[in-house]
Amino acid sequence: MPVETVCSNVRRLMILAVLLTCPTTWGQQFSVVDLGTLGGPMAGGFGINANRFVAGYSALPNASFHGFLWDGTLHDLAPLAGDTQSHSFAINALGQMTGVSYVLGGLTSHAVLWQQNASSYLGDFAPRGINDAGMVVGCASSAINGLGWVDRACIYSNGTLITLATLGGSFSYAYDVNGANQIVGMSYTTGEAGRHACLWQNNQPLDLGTLGGANSQACAINNAGQVVGVSDTSAGNPHAFLYTVNSSGQVTARADLGELGGGWSYAYGINGLGEVVGTSNSRAFYWKQGSPFDLNKRIPITSGWVLNSAMDINDNGEIVGLGWYHGWPHAFLLLPAAPDFDGDGDVDQEDFGHLQVCYSGTVSQTDPTCWNALLDGDDTVDANDVKVFEKCRSGPGVPAAANCWR
Amino acid sequence: MNRKHLAISASVVAALVAITGLMLHAASGPPAAPAPLTAASGTLIPKSMAVLAYNDLGMHCMGQDNSEMMILPPYNNLHAQVIDRSHGSPEIVSSGVTVRYTIPSNTHSADKDNFWSYSQALMGVTLAPNIGLTGNGLSGTMTPTGDNDWAATGIPITPIDDSGRENPYPLALVTVLQNGVEVARTQAVVPVSWEMNCQICHNTPGISVATDILRKHDQLHGTTLESQKPVFCAGCHADNALGAPGKPGIPNLSSAMHLAHAPRMAAANLTVECYACHPGVRTQCQRDVHFSKGYTCNFCHTSMTAVGDPARQPWIDEPRCGNCHTRTGFAFEEPGKLFKQSRGHERIHCEACHGSPHAITPTVMEVDNLQADEVQGHTGIINTCTTCHTSTPSDPFPHRLGD
């Protein structure tokens with residue numbers, strides 16, 4: 001028996017032995033979909049629901065920006081009459097989308113609700129989030145004597161717009177709301193001294209604090225009360241954070257999610273399973289546990305994409321965001337993919353062969369052709385990746401399940 | 001050529017045709033009227049102190065992607081003048097107070113632009129996230145300039161606000177604190193855009209705009225820039241805007257760009273040719289009182305060939321208000337200075353009352369008109385004496401410095 005075969009067999013036995021003892025960890029590769037544009041040179045994806053419907057905006061050939069709905073096809077969400085620009089930012093489980101319609105250089109934004117090919121004007125504010133009950137959050141601008149033209153976090157529900165109190169400063173912004181009507185965003189503090197992540201509980205502002213630094217901002221919240229955003233650390237660097245708040249809005253846990261390099265990271269979205277997405281060092285990242293990982297290492301290396309910012313993730317692990325597609329700024333959709341390395345539709349011994357070739361043990365796998373073998377979320381191809389592979393093994397000729405890793 | 005490249009090519013051609021059509025249409029339409037009164041009228045009438053803030057240029061351009069090349073980094077300048085009204089005759093304040101700035105809707109940039117990931121490769125500097133080339137961030141303290149005003153330079157703002165919306169006209173809040181207590185505030189636009197429509201012409205299917213530009217540069221000039229990414233244009237081409245000396249024998253950036261493109265723009269037959277590269281068809285940075293009266297870029301800046309004249313000093317040899325405006329007893333720029341540098345009435349900076357270049361008030365955009373409306377109760381030039389004076393003086397208004 002050739003030495004290589006002996007070594008390969010020994011490695012297989014070792015791997016199998018480890019499988020019996022190593023804890024299961026997650027891992028994921030993705031296929032990437034270019035959502036296209038409305039005719040102009042750029043587009044960005046911002047929100048996704050469980051039906052894989054995407055909210056975002058795109059440039060038109062006339063250089064204006066329009067919001068879009070993508071449901072497999074890109075649909076133009078035109079501005080309201082009298083406005084020239086629109087952006088769609090969020091979509092809920094019912095397919096209701098919210099966003100803004102405006103004129104560049106204007107002081108007032110117009111809130112829009114898009115649903116089933118119809119648009120509704122909600123009022124003069126700039127929406128950013130919507131929950132499954134149709135509550136919309138954002139910010140409303142108004143003149144206040146002595147303060148000037150100020151932006152204030154607001155909620156719109158059942159035809160009523162309510163402006164929320166701040167943490168003492170003049171300005172505040174609401175970015176997301178969960179099923180318990182807990183609203184998150186940012187507020188200036190007294191004397192405009194700083195900006196803190198804020199949670200509005202029963203419409204009352206609660207300071208979520210920071211990771212030790214001066215400023216913070218909350219970007220999203222799920223129904224479990226997990227909040228993500230960005231905070232300055234004690235060293236002054238902006239880091240993505242994950243906080244947990246209880247039903248009273250009190251912070252019960254804080255976590256610095258780390259970064260991919262460059263000293264900074266921002267978390268923009270979180271799903272019901274606690275999976276977080278964002279950007280770090282101009283690379284889209286995913287976080288479930290441990291350290292964030294670069295989503296660029298989880299897509300085919302020949303895709304033509306540089307994924308810049310992951311903006312949202314649904315409970316199926318599907319991710320939307322902004323990136324560079326062959327050098328053009330486009331919206332992307334990442335779909336979980338089984339480790340079908342040879343692309344024949346199944347996950348079998350042939351695919352396992354690729355995993356073996358890429359096996360790196362405790363050493364970081366730096367070969368880009370092997371990044372698709374990094375199944376467990378770290379930078380080494382080892383027994384833990386084999387574990388994930390085994391979860392996805394479908395057998396020769398048996399279609400692979402895209403979500404086998406979840 | 002595969003189907004993907006054909007799809008890209010078709011969309012780009014469509015964009016080119018549509019943008020060309022739009023620019024021709026826009027050029028033939030009537031000028032826009034100045035924006036009406038804002039809803040914030042009179043909300044910031046000064047008390048013991050007054051503060052007026054202004055951007056220096058009326059628009060700062062920057063690149064959206066720096067991974068292959070960079071023309072301009074994120075870099076913006078905000079100025080303010082502080083006037084003490086509490087002692088009868090108003091006095092310009094250059095010390096004894098703290099002047100702060102913040103941009104509430106736009107508080108971070110590192111996640112919106114990849115400049116921080118490439119600043120070392122492009123300019124040889126490593127910057128902390130959200131900190132610009134001068135050490136200033138998007139919030140901070142302004143410093144006295146020694147020219148009767150305060151400034152924060154190099155603010156690294158991008159045209160994407162914190163909600164993800166593109167907004168080239170974000171409002172900055174400037175506050176003045178005395179002994180820790182706020183005594184004055186104002187709001188002014190910090191304009192920024194990355195709408196540089198290079199893709200109108202630089203649109204080879206399958207490659208990025210930047211690669212197309214660098215490849216053409218290599219073909220025309222025998223360089224090897226495509227293999228040296230990322231490329232900082234001002235590394236070779238002198239740029240007064242950045243203080244870049246360039247290299248001997250190589251034309252300055254303005255001359256190189258304008259002269260190289262002038263004959264090509266003429267062939268494209270675009271009336272508002274500036275918006276092909278300067279922001280832009282959507283941004284409409286030329287938005288001031290002159291625009292509302294039908295004067296477009298070429299009226300002041302003449303032609304691309306003139307702007308690209310190698311003998312011209314870019315950013316220094318600029319149009320002068322006095323070239324057109326003449327009025328007995330009025331001076332416009334100070335001798336040897338540009339409008340943006342000049343002062344008039346008792347050393348008040350021209351921009352403080354009139355607004356920034358390209359945004360001379362009243363503009364056609366509400367945000368530019370906000371400050372005047374807030375501090376004096378109406379838009380347009382800040383010409384209400386009691387903005388700074390506690391009562392309207394009885395003697396004639398001395399517009400000129402030194403009168």
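Guide: Two strands are said to pair if DSSP finds at least two bridges between them. Please keep in mind throughout that this is a predicted model.

Visitor: What makes β22(A) and β23(A) a pair?

Guide: The requirement is at least two bridges, and 4 bridges join β22(A) to strand β23 (residues 276-280) of chain A, so the two strands pair, running antiparallel. Within β23(A), Val277(A) is the bridge partner of Gly269(A).

Visitor: Why are β22 and β25 of chain A called edge strands?

Guide: The open sheet has 4 strands in the order β22-β23-β24-β25 (chain A), with antiparallel pairing. Because β22 (266-270) and β25 (293-294) of chain A each have a single partner strand, one side of each is left without a neighbour in the sheet, and they stand at the edges.

Visitor: How do you know that the buried residues of α2(A) line one face of the helix?

Guide: In helix α2 (residues 349-358) of chain A, the buried residues are Asp351(A), Phe352(A), Leu355(A), Gln356(A) and Cys358(A). Viewed down the axis of α2(A), these buried residues fall within an arc of 170°, so they line one face. The face turned away from that buried side carries Glu350(A) and Val357(A), which are exposed.

Visitor: Why is Asp348(A) said to cap the N-terminal end of α2(A)?

Guide: A side-chain oxygen of Asp348(A) lies 3.1 Å from the backbone nitrogen of Glu350(A), and since a polar contact asks for N or O atoms within 3.5 Å, the distance meets that cut-off.

Visitor: How do you know that the length of α3(B) agrees with its number of residues?

Guide: At 1.5 Å a residue, the 13 residues of helix α3 (residues 209-221) of chain B should span 18 Å, and because its end C-alpha atoms are 18 Å apart, the two values agree. The buried residues of α3(B) include Val209(B), Ile213(B) and Leu214(B), and among the elements covering the buried residues are β28 (328-337) of chain A and β3 (69-70) of chain B. After α3(B) comes Gly222(B), with a positive phi near 70°.

Visitor: Why is the contact between Arg52(A) and Glu318(A) called a salt bridge?

Guide: The side chains of Arg52(A) and Glu318(A) meet at 2.8 Å, N to O, and because the cut-off is 4 Å, the pair qualifies as a salt bridge. This pair links distant parts of the chain, 266 residues apart. Arg52(A), at 35% relative accessibility, counts as partly exposed, whereas Glu318(A), at 6%, is buried.

Visitor: What makes Asp147(B), Glu334(B), Lys337(B) and Arg343(B) one network?

Guide: Arg343(B) forms a salt bridge with Glu334(B), the closest N and O atoms being 3.1 Å apart, and salt bridges that share partners join the four residues named in your question into one network. Arg343(B), at 16% relative accessibility, counts as buried, and Glu334(B), at 10%, also counts as buried.

Conventions:
Residues are numbered from 1 along each chain as its sequence is written. Chains are lettered from A and ligands numbered from 1 in the order in which they are written. This is a predicted model: local features need pLDDT of at least 70, side-chain atom pairs count only at pLDDT 80 or more; totals for chains, interfaces and linings use all residues. Side-chain values use heavy atoms; hydrogens and water are left out. Buried means under 20% relative accessible area, exposed over 50%, partly exposed in between (1.4 Å probe, protein chains only). The arc is that of the directions from the helix axis to the C-beta atoms. A polar contact is a pair of N or O atoms within 3.5 Å; within protein, one must be able to donate a hydrogen and the other to accept it, and residues adjacent in sequence count only if both atoms are side-chain atoms. The expected span of a helix is 1.5 Å times one less than its number of residues. Contact means heavy atoms within 4.5 Å.
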